[in-house]
Amino acid sequence: MTGNAINRCVALLGGSFDPVHNGHVALANYFVDLIKPDELRIIPAGNPWQKDGLHASGEDRVAMVRSAFGGALGVMQVPVNIDQQEILRASATYTIDTLRAVRKELGPDVSIVFLMGADQLQHLNTWQEWQKLFDYAHVCAASRPGFAMDAAHIPSDVAQELNRREGTPVQIRSTAQGLACLAPNLEVDISATEIRAALQRGERPISLVPPGVLDYIEQHHLYKS
Ligand SMILES: Nc1ncnc2c1ncn2[C@@H]1O[C@H](COP(=O)(O)OP(=O)(O)OP(=O)(O)O)[C@@H](O)[C@H]1O
Ligand SMILES: O=C(O)c1ccc[n+]([C@@H]2O[C@H](COP(=O)([O-])O)[C@@H](O)[C@H]2O)c1
């Protein structure tokens with residue numbers, strides 16, 4: 001933590017967004033309500049090294065994210081920006097690189113909060129330099145059906161780190177980095193995997209993705225094979 005007066009809070013949501021879906025929008029909304037950041041940045045991954053490859057291009061995923069989150073004061077109660085730095089980097093997408101870049105851009109007096117779902121929290125200790133993430137940002141995770149956040153499901157080194165860093169939303173807003181929070185009340189049972197499978201079966205997953213995203217997928221014939 002720094003001793004500086006914090007003058008802003010920026011929440012970051014990274015993801016493959018292949019495609020973006022209502023679970024992502026709900027996750028972002030949940031933390032916007034809880035932490036009340038001044039800005040939300042959506043960061044599509046360029047090369048998510050722990051996944052088996054991507055199914056849509058960076059350009060298509062950015063367009064879908066733009067449609068889902070809109071611009072300033074679209075579906076969110078906060079200005080939203082799409083940060084394409086990970087798509088522009090050729091290398092494997094490591095969040096630590098992104099956080100270093102965002103911290104460099106914003107300086108020391110801004111609270112930076114990296115958001116994730118419980119599935120990622122369950123293997124946070126496999127991320128590149130995972131403990132250093134807290135040197136640049138706070139980390140907040142929300143529950144997700146099928147991915148528990150209790151001691152039995154979180155690796156002990158991650159659980160220890162979360163325990164010693166636990167912070168309230170007010171503390172998170174008013175310090176630059178280094179805290180963690182768990183939000184156990186989000187229950188949105190949607191995944192991009194299930195959406196891709198539905199599209200391949202010729203279904204229209206209208207309740208799982210925002211309408212503009214489904215239009216984009218259909219117009220561009222995405223996720224057919
Ligand atoms: N339904 C959900 N509830 C809570 N968090 C979610 C949900 N869906 C995705 N997330 C979180 O959003 C971030 C980006 O997720 P991602 O783009 O990989 O979507 P996904 O649905 O998990 O994709 P896939 O099914 O292809 O693995 C991750 O931190 C993930 O944990
Ligand atoms: O930094 C890492 O090593 C790392 C490993 C796995 C996932 N991440 C990030 O976690 C976010 C969600 O990833 P995913 O695979 O669920 O789309 C996204 O921003 C990824 O870049 C980061």
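Let's start with what covers the buried residues of helix H8 (192–200): the cover includes helix H9 (211–219). Before going on, this is a predicted model, where local features need pLDDT of at least 70, side-chain atom pairs count only at pLDDT 80 or more, and totals for chains, interfaces and linings use all residues. Residues are numbered from 1 along each chain as its sequence is written, while chains are lettered from A and ligands numbered from 1 in the order in which they are written.

Some terms, quickly. Helices (H or I, at least four residues) and strands (E, at least two) are DSSP runs, numbered from the N terminus. Buried means that 20 or more other C-beta atoms lie within 10 Å of a residue's own, exposed means 12 or fewer, and partly exposed is in between, with C-beta atoms placed from the backbone.

Back to H8. Its buried residues are Ala192, Ile195 and Leu199. Seen down the helix axis, they fall within an arc of 60°, so they line one face of H8; that arc is taken over the directions from the helix axis to the C-beta atoms. Why would that happen in a helix? An α-helix has 3.6 residues a turn, so residues three or four places apart point the same way. On the face of H8 turned away from the buried side you'll find the exposed residues Thr193 and Gln200. Just after H8, Gly202 has a positive phi of about 85°.

H8 also takes us to ligand 1. Around this ligand there are 19 residues, and the closest are Gly15, Gly23, Gly117, Ala192 and Thr193; near here means a C-beta atom, placed from the backbone, within 6 Å. At least two residues of the shell come from each of helix H1 (22–35), strand E4 (110–117), helix H5 (118–121) and H8. H1 has the largest share, three residues.

Ligand 2 has 15 residues around it, and Gly14, Ser16, Thr95, Trp127 and Gln128 come nearest. The elements giving two or more residues to that shell are strand E1 (8–15) and helix H4 (95–106).

Now, E4. How many of its residues are buried? Eight of the eight, so E4 is largely enclosed by the rest of the structure. Val110, Ile112, Phe114 and Met116 point one way, and Ser111, Val113, Leu115 and Gly117 point the other way. In a regular strand, the side chains alternate between the two faces of the sheet.

Strands count as paired if DSSP finds at least two bridges between them. E1 and E4 run parallel, joined by six bridges, and Ala11 stands opposite Val113 in E4. With strand E5 (residues 138–142), E4 pairs in the parallel sense over five bridges, and there Met116 stands opposite Ala141.

One more residue to look at is Ala68, in helix H2 (residues 58–69). Ala68 is buried, with 26 other C-beta atoms within 10 Å. Leaving aside neighbours within four places in sequence, Ala68 is in contact with Val20, Val25, Pro210, Gly212 and Val213, where contact means C-beta atoms, placed from the backbone, within 7 Å. Ala68 and Val25 are 43 residues apart in sequence but 7.5 Å apart in space, C-alpha to C-alpha.

Finally, the whole chain. There are nine helices and six strands, and buried residues make up 38% of the 225 residues. Among contacts between residues at least 6 apart in sequence, 78% join residues at least 24 apart.

Technical notes. Two residues are in contact if their C-beta atoms, placed from the backbone, lie within 7 Å.
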